[in-house]
Amino acid sequence: MATSVPSPTQNPVGFPAGTVLGYPRIGRRRELKKAVEAFWAGRTSVDELEATARELRLATVRRLVDLGLGADDASVPGSFSFYDQVLDVAASLGAVPSRFASLLGTGPDEAGRLDLAGYFTVARGQGDDAPLEMTKWFDTNYHYLVPEIGPDTPIRFVDDRVVREFVEAKEAGVVTRPVVVGPVTFLALSKAADDAPAGYSPLDRLDDVVAAYADLLRALAAAGAPWVQLDEPILVTDSVDVPFADLAAAVESAYRALATDLRPVPNPGSSPDSSADPAATPGSAQDARPAILVAAPFGALQAGAETAGGAARDGLALLAGTDVDAIAIDLVKGAVPTAADGGVPGLAGKTLVAGVIDGHNVWRADLAAKLDVVDAVEGLGAGAVSVGTSTSLLHVPHDVEDETLAAPGTASGTTLDPRLRDWLAFADQKVGEVATLARALTEGRDAVAAEIEASRAAVASRAEASGVVVPAVRERAAALTDADFARGDYAQRAAAQQERLNLPPLPTTTIGSFPQTPEIRRARALWTKGELSDADYTTAMREEIARVVAIQEELGLDVLVHGEPERNDMVQYFAEHLDGFAVTANGWVQSYGSRCVRPPILWGDVTRPEPITVEWSSYTASLTEKPVKGMLTGPVTILAWSFVRDDQPLGDTANQVGLALRDEIADLEAAGIGIVQVDEPALRELLPLRRDDQPAYLDWSVGSFRLATSGVEAATQIHTHLCYSEFGEVIGAIDGLDADVTSVEAARSRMEIVPELRDAGYSRGIGPGVYDIHSPRVPSTEEVTELLELAVKSIDPRVVWVNPDCGLKTRRYEETVPSLEHLVAATKAVRATL
Ligand code: GLN
Ligand code: ZN
């Protein structure tokens, strides 16, 4: 009898054999985006929005059950959010910055709580009250809102939306597993409130946050939730300011309070004797909690080597030492953890969820290979092993079946080569893969032999398919030598370029795009639908280019651009013009809030069937005597904003894109274009989360840029543009790109980047943005002058260029033209002082 008594460290209910860590919430046809935007525009009421969201949530949980997850075993994740999962935690705690305090309710029922409109206000700002800052979610293209936490920030469990959503699904017949960002990750990703004293860390509020999570867990237990998932991806990264020892202490303290001090609700079914044994029942309902799954996606929990902080980190041992009931690990980014004989101490009483299905990429898995990984995990000594996705499925589109297929060899636009459909797994297909693997665990591999064979065949057909490996591409890559990655001496280049371009001091230019007007969008929409002919579309775009050139001449800018009217998106445009890429019709992925992107799929060796930008640039050059800057997107950014093939190192793929761009640059050069800008706004974005992995990344990423840009003559000037000012770990890499001119965001940080780059040894051309294009505000000539003076004081004025922070495509002409007038006037003023 003693053996059947559940102790707090035993699973009160078994964890399901298979699960996914989260599911897209925007809707198969972006229903949530449309509903939220209609609410923002005042076209619908809050009740209508809530009703649409409810329908979407219920459709989602039912769909997950149809796809093979259990309806009653907590394998269906409850991972809905109206905007962002980090903001959701802040909202459930009432933890908003003081500038939004007036949005918190005061009545007895809503004390300290945001209503839905208030929630969106914190996300999007209002008047002078800036929204929460937005930043990248680990190494994904999803962006979360950064909570601001100070000593006085309210922190209490005030909003039980998570509980209500659990009850809603349960009443509809599906017992979900609510998914919440864990307390340590929440605080580690927060920033100190503006009024916090020096040295303050949001983690100082851990006890308050944990007390609120304890209340949430009690409420979930009372509502009958058997499991809750707390996401703690912070444990896989080195790229935060918090040392691992501090994170570890926070994890121990948080999960002592949540997992040890609260006790799991016993499962009456599995332990018939326990209810009769007073020692086995929880102290009181007050202390009951659901079983806890801690998920650690986006990388290995164990660090491969000593980290900069000193001690090696082992997040798996750390979590195994707590009383949580299950741990989900990422076995796509991370290798199978190592353990001494006898396994990881503490793991015997826990379920290990083996994250073998890639939640972050779109390729169909070889299920037998995945089962082999699961087998390897068995050696760690967990009480039980389940299968899961490596991350939430938030990062992949809904369903491959939503794509339109083209006949083989005729795929174009957004119809998909049918071979590709068989190779791909979007969220719904991945749920199916997990369900199959779960059956293999419970019923044996033979029970799913047909599915295993089909997956093997699909993976094999992809490996052998024409276009996946193009011998000419391979031969060209194999023949590359160091010389292909290097340009000549910079001093000689600079002299040759000055002779050719004859630019004044402080040359003025823009970052590339001009406003994408409603007329441009309309023309593109009609053309895409086939209602505007190719010729008419080209004419419309040429007229736009002519307008943009005339405006720039009128303004007196020194280096002109064509304005990029023909580009729907800086990555998709190139993907559509290169072989080896496919684009989808419905493959939307949430980027932030209601914003979605449709990343291209890079599936084969990359080639450039014909020049892409040359005609546009040549036409532009024919309209003006001034130098025209050609405009390309760099290899790293093209990779970062696409789904990339997983069958070769990223660096090899990057070099293939680099070679295609190299050919494009050669053609631009041959057409007489003297300046080419290669944008790499994502260089920082792809930086690995683990310090150990960063040098290799910087090596191939910088290499692919240099491969693209090093084929030109000394007199051809290469520019690059980066969309940020906090270079951090990549500052050395910026110099390594060896561009002749680098433009960066700088206005909001008041040119700080200029001395930083100088001190890092950068000495070539630099274009610090002199006004912030992210806001419609028109800067005065005085403001721009002041910033420009700051720049020329901190670096040799001969290297300084003058440009806005970023492209102008999201702005309107009403603000663009006066802003650029002020930029030119400020430049003249500062030139006069040199
Ligand atoms: N050339 C691009 C533009 O101006 C650069 C965009 C970017 O940096 N994100 O739009
Ligand atoms: Zn930019």
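Reader: Tyrosine 619: buried, exposed or partly exposed?
Author: Tyrosine 619 is partly exposed, because 17 other C-beta atoms lie within 10 Å. The cut-offs are 20 or more such atoms within 10 Å for buried, 12 or fewer for exposed, and partly exposed in between, with C-beta atoms placed from the backbone. This is a predicted model, where local features need pLDDT of at least 70, side-chain atom pairs count only at pLDDT 80 or more, and totals for chains, interfaces and linings use all residues. Residues are numbered from 1 along each chain as its sequence is written, while chains are lettered from A and ligands numbered from 1 in the order in which they are written.

Reader: Which helix does tyrosine 619 lie in?
Author: Helix H19, residues 614-622. Helices (H or I, at least four residues) and strands (E, at least two) are DSSP runs, numbered from the N terminus.

Reader: And what is tyrosine 619 in contact with, leaving aside neighbours within four places in sequence?
Author: Arg542 and Ile545. Contact requires C-beta atoms, placed from the backbone, within 7 Å.

Reader: Switching to the sheet. What is the strand order?
Author: The order is E1-E5-E7-E10-E11-E12-E13, an open sheet of seven strands with parallel pairing. Two strands pair if DSSP finds at least two bridges between them.

Reader: Which are the edge strands?
Author: Strand E1 (76-78) and strand E13 (384-389), each pairing on one side only.

Reader: How is E12 placed, buried or exposed?
Author: Seven of the seven residues of E12 are buried, so this strand is largely enclosed by the rest of the structure. On one side, E12 pairs with strand E11 (residues 326-330) over five bridges, in the parallel sense. Isoleucine 327 stands opposite leucine 352 in E12.

Reader: How many bridges join E12 to E13?
Author: Six, and the two strands run parallel. Glycine 355 stands opposite glycine 388 in E13. The chain passes from E12 through H10 to E13 in a right-handed β-α-β crossover; that is, with the strands pointing away from the viewer, the path from the first strand over the helix to the second runs clockwise.

Reader: Last topic, ligand 1. How many residues surround it, and which are the closest?
Author: 13 residues surround ligand 1, the closest being Ile511, Gly512, Ser513, Pro681 and Gly807. A residue is near a molecule if its C-beta atom, placed from the backbone, lies within 6 Å of it.

Note on methods:
Contact = placed C-beta atoms within 7 Å.
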